[in-house]
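Here are my notes for you to read with the model open on your screen. Take the points one by one and find each residue as you go.

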Amino acid sequence: MVSCQAWYHGHFTAHRHLAAEEDLDLVLFVGDYIYEYGITGSNLWRQGAEVSAAHAVEVETLEQYRLRYALFKSDPHLQAVHARVPAIAVWDDHEVQNNYQGARSAYGLPDELFAHRIAVAYRAYYENMPLDAAALPEGPATDITAGIDVGSLARLTLLDSRQFRDPEPASAEEQQAEDRSILGAEQEEWADQRLVQSPATWNLLANGVVLTPISEDRTDMWDGYPAARRRLLQAMAEAGNAVMLTGDIHKHVAAELRADAADPDAQTIGVELVCTSVASDGDGAVTDGYTEDWTRHPYVKHYDAAAATSTCA
Ligand SMILES: [Fe+2]
């Protein structure tokens, strides 16, 4: 699985490795397949790369989103991965705009303007990513959720943790509210049913943001939606052998999921595996300013902030 491939931050050496070295059946993209930021001299770290001035501004129109997929997909190593194995994908925020929350922009864009932005971003996503006909966008709405069963071995559930989320909480009380949701009621119900009725040995879920409790300040992740997390963990516990697959944070993390994170004796009901960035934020390092924040939790078993990229080809 891969995520966070900011083309301009480095070469896709991770994809070169995937295409040439790994024994693959499929590749799972867990968000930030593209980035919407303007690409200028200051963030173009990919050595030897040149980009057209058309990419210098933040992506807003359908033409610009299409151009962004074209740029990212021009990478020969990403092309090699796509040529070699089937791909499945969920999105995160940068397929539209950084940290957006449901119908709301994190940058104060009027909702009406942002609805148009979402509509064109989803349209370009649909045109460029492996989705079935059910995902055909209708205005600012696209259903990317999907269930894939691999015999009785694995049940994979693809979640949308962006489109239906409640906005940033205005208070701690609102953050804790029982009816607050990151998936929205309908998707929660669907995911819940898939989990509790699963006949599979392994129950895999994929989504854009980290499920493991780290800090209440991280409101963009499941930490911003504790009641919804309790509900999902309950369903994961009932399903058994549950694994959440996640990207977003540009670090490798392996964590045990517990029904009650505050209770050190609580039973582990599943695990979360987070993959680092293909390129976003450059090479990184094994430890970083967030290491302590994560590893202070006994259920975080592995933390590595190095990316998979190299700025040189
Ligand atoms: Fe990212």
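This is a predicted model: local features need pLDDT of at least 70, side-chain atom pairs count only at pLDDT 80 or more; totals for chains, interfaces and linings use all residues.

1. The angles run from 81 to 163°, and the site is irregular. A tetrahedral site would need all angles between 85 and 135 degrees.

2. Now for who holds the metal. Cys 4 (SG), Asp 32 (OD), Tyr 35 (OH) and His 250 (NE2) coordinate the iron ion at 2.0 to 2.6 Å. Written as a sequence pattern, the spacing of these donors is C-x27-D-x2-Y-x214-H. Asp 32 sits in the loop between β1 (27–30) and α2 (62–72), while His 250 sits in the loop between β6 (242–246) and β7 (252–258), so this pair ties together parts that are 218 residues apart in sequence. Both Asp 32 and His 250 are buried.

3. You'll find His 94 in the loop between β2 (87–90) and α4 (111–128). Its relative accessibility is 6%, so His 94 counts as buried. Setting aside neighbours within four places in sequence, His 94 is in contact with Asp 32, Ile 34, Tyr 35, Glu 36 and Tyr 37. Two of those names, Asp 32 and Tyr 35, are on the list of iron donors as well.

4. Next, the greasy inside. The largest nonpolar core has 52 residues, and Val 27, Phe 29, Tyr 65 and Val 96 touch the most other members. Helix α4 gives the largest share of this core, 7 residues. Val 96 touches several residues beyond four places away in sequence, including Tyr 65, Phe 114, Ile 118 and Tyr 122. There is also a second, separate core of 32 residues, with Ile 182, Ala 235, Met 244 and Ala 255 among them.

5. On to the rings. The whole structure has 9 aromatic pairs. In one of them, Trp 91 and Tyr 122, the ring centres are 4.2 Å apart and the planes are at 20°, so the pair is stacked. Trp 91 is in the loop between β2 and α4 and Tyr 122 is in helix α4, 31 residues apart, so to speak a link between distant parts of the chain. Trp 91 is buried at 0% relative accessibility, and Tyr 122 is buried at 1%. Elsewhere, ring pairs join Tyr 8, Tyr 35, Tyr 37 and Phe 72 into a cluster.

6. Last, two arginines over rings. Arg 46 lies over the face of Phe 12, at 4.9 Å from the ring centre. Arg 162 lies over the face of Tyr 100, at 6.0 Å from the ring centre.

Terms used: Residues are numbered from 1 along each chain as its sequence is written. Side-chain values use heavy atoms; hydrogens and water are left out. Donors are N, O and S atoms within 2.8 Å of the metal (3.2 Å for Na, K and Ca); water is not among the atoms, so sites may look incomplete. Four donors count as tetrahedral if all angles lie between 85 and 135 degrees; four count as square planar and six as octahedral if opposite donors are over 155 degrees apart and all others between 65 and 115; anything else is irregular. Helices (H or I, at least four residues) and strands (E, at least two) are DSSP runs, numbered from the N terminus. Buried means under 20% relative accessible area, exposed over 50%, partly exposed in between (1.4 Å probe, protein chains only). Contact means heavy atoms within 4.5 Å. A nonpolar core is a set of buried Ala, Val, Leu, Ile, Met, Phe, Trp, Tyr and Cys residues joined through side-chain atoms within 4.5 Å. Rings of Phe, Tyr and Trp (its six-membered ring) pair if their centres lie within 6.5 Å; planes under 30 degrees apart count as stacked, over 60 as edge-to-face and the rest as tilted. A charge sits over a ring if NZ of Lys or CZ of Arg is within 6 Å of the ring centre and within 35 degrees of the ring normal.
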